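Here's a quick tour of one chain and the two ligands that come with it. Have the structure open and follow along.

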Amino acid sequence: MENPPVDGVIDGVAVGVAVKIPLITEIQRFSLQDGPGFRTTVFLKGCPLKCPWCHNPETQKPAQEYYYNKARCVSCGRCVAVCPTGASTLIQGSGKGLVLNLDRSKCTNCMRCVAVCLTEARESVGQAMSLEEILREVLSDEPFYRNSGGGVTISGGDPLLYPAFTLELAKRIKQRNVHVAIETSCFPKSWKVIQPLLEFVDLFIVDLKSMDPRKHAEVIGCPLKQVLDNIDRLIEARANVRIHIPVIPGFNDSQQDFADFIACLSKYSSQLEGVDILNYHVYGEGKYTSLGRENEYQYKGVKENPPEKVLPLANGLKRVGIRSVTIGGLVGITTGENESGRDAGVRCMANVNGG
Ligand code: SF4
Ligand code: SF4
């Protein structure tokens, strides 16, 4: 199920273009990692890229899905009774009783089983919400934003997959004088997609995943040039920009990769608000299994890098003049050191994030 497009109007407000309201996978309150202060982060469902290490697979596909958590299933058969395709059946288990067998190849994602499951073994992923409902939820913590310098972060997936909706949401939040950030891979080919957001977005948090054009196109599924061009335009427009670098074992964690990131970002050193280095972590693996998409996860068994692995990258970025560099997100608990042993001002919180 997807939210239907709405022509020219959202919740009574004319927006002039057809607006598709994405499904929402989560609205996370009191986040400290998606921008300054206390934040509420809205995760939109849908991303055009295909990063094989993605730790939020539930945000990749625009359409509704469901988790099946086997540990919670009591094999009651309620889902079997409503399943129109035979995807859910009861079969003889290895013990005495019957157990549920879920054959996702027969499943049409009709969600009838989710509605009848009493144990939450089935859980829908992607909720249809109106703009008003989203606004009500994200603005309910306004006092916390004011006291902490926080605000709302629009994330995903990628919000730029839904530019008209993201623009309208940012505009409506900004009307309340609340800080707005967006997290994006800056993939759009056309700057016209991003340009209107400049007026309403206080902080662009941009993922930079590789400096290798071939890997960027083949593995991630988007030309590197588009991302770099958009970062250039954001900097030229004097937007506040933080770069997120997910450091992925075997993909972009060599000394050469680090040197390439440092060389690229050094030209923005005085303009960038900062860089956050996000060490790959394995927390997303279980989600692939619950979504029935375990075959899509290509990092099974890949070990996380120790936090110190990325210190040369962090220290190199500090050396070229980036004023704020963190390892693990915007909240830090220890400092790194440069080769001379002096505090390099690198804040470190290991393996908190890594998308
Ligand atoms: S309804 Fe829920 S608990 Fe019952 S068999 Fe289906 S998934 Fe398991
Ligand atoms: S979502 Fe799939 S398993 Fe569930 S009732 Fe529909 S077809 Fe059957």
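Which residues does glutamate 273 touch, not counting those up to four places away in sequence?

## Around glutamate 273

Glutamate 273 touches Asn240, Val241, Arg242 and Ser324, where contact means C-beta atoms, placed from the backbone, within 7 Å. You'll find glutamate 273 in the loop between helix H8 (255-266) and strand E13 (274-279). Helices (H or I, at least four residues) and strands (E, at least two) are DSSP runs, numbered from the N terminus.

With 17 other C-beta atoms within 10 Å, glutamate 273 comes out as partly exposed. On that scale, 20 or more such atoms make a residue buried, 12 or fewer make it exposed, and partly exposed is in between, with C-beta atoms placed from the backbone. Arginine 323 sits 50 residues away along the chain, yet its C-alpha atom and that of glutamate 273 are separated by 7.0 Å.

## Where this comes from

This is a predicted model: local features need pLDDT of at least 70 and side-chain atom pairs pLDDT 80 or more, while totals for chains, interfaces and linings use all residues. Residues are numbered from 1 along each chain as its sequence is written, with chains lettered from A and ligands numbered from 1 in the order in which they are written.

## The whole chain

The chain has 10 helices and 16 strands. Of its 355 residues, 42% count as buried. Take the contacts between residues at least 6 apart in sequence: 67% of them join residues at least 24 apart.

## The two ligands

Ligand 1 is surrounded by 13 residues, the closest being Cys73, Cys76, Cys79, Cys117 and Ala121. To count, a residue's C-beta atom, placed from the backbone, has to lie within 6 Å. This shell splits into 8 nonpolar, 3 polar and 2 charged residues. Here Ala, Val, Leu, Ile, Met, Phe, Trp, Tyr, Cys and Pro are nonpolar, Asp, Glu, Lys and Arg are charged, and the others, Gly among them, are polar.

Ligand 2 has 13 residues around it too, and Cys83, Ala87, Cys107, Cys110 and Cys113 come nearest. Helices H1 (78-82) and H2 (112-116) each supply at least two residues of that shell, which divides into 8 nonpolar, 4 polar and 1 charged.

## Two sides of H6

Helix H6 (residues 213-220) has His216, Val219 and Ile220 as its buried residues. Looking down the axis of H6, these fall within an arc of 100°, so they line one face of the helix; the arc is taken from the directions from the axis to the C-beta atoms. Part of their cover is helix H7 (224-236).

On the other side of H6, Pro213, Arg214 and Glu218 are exposed. Just after H6, glycine 221 takes a positive phi of about 90°.

Key: Two residues are in contact if their C-beta atoms, placed from the backbone, lie within 7 Å.
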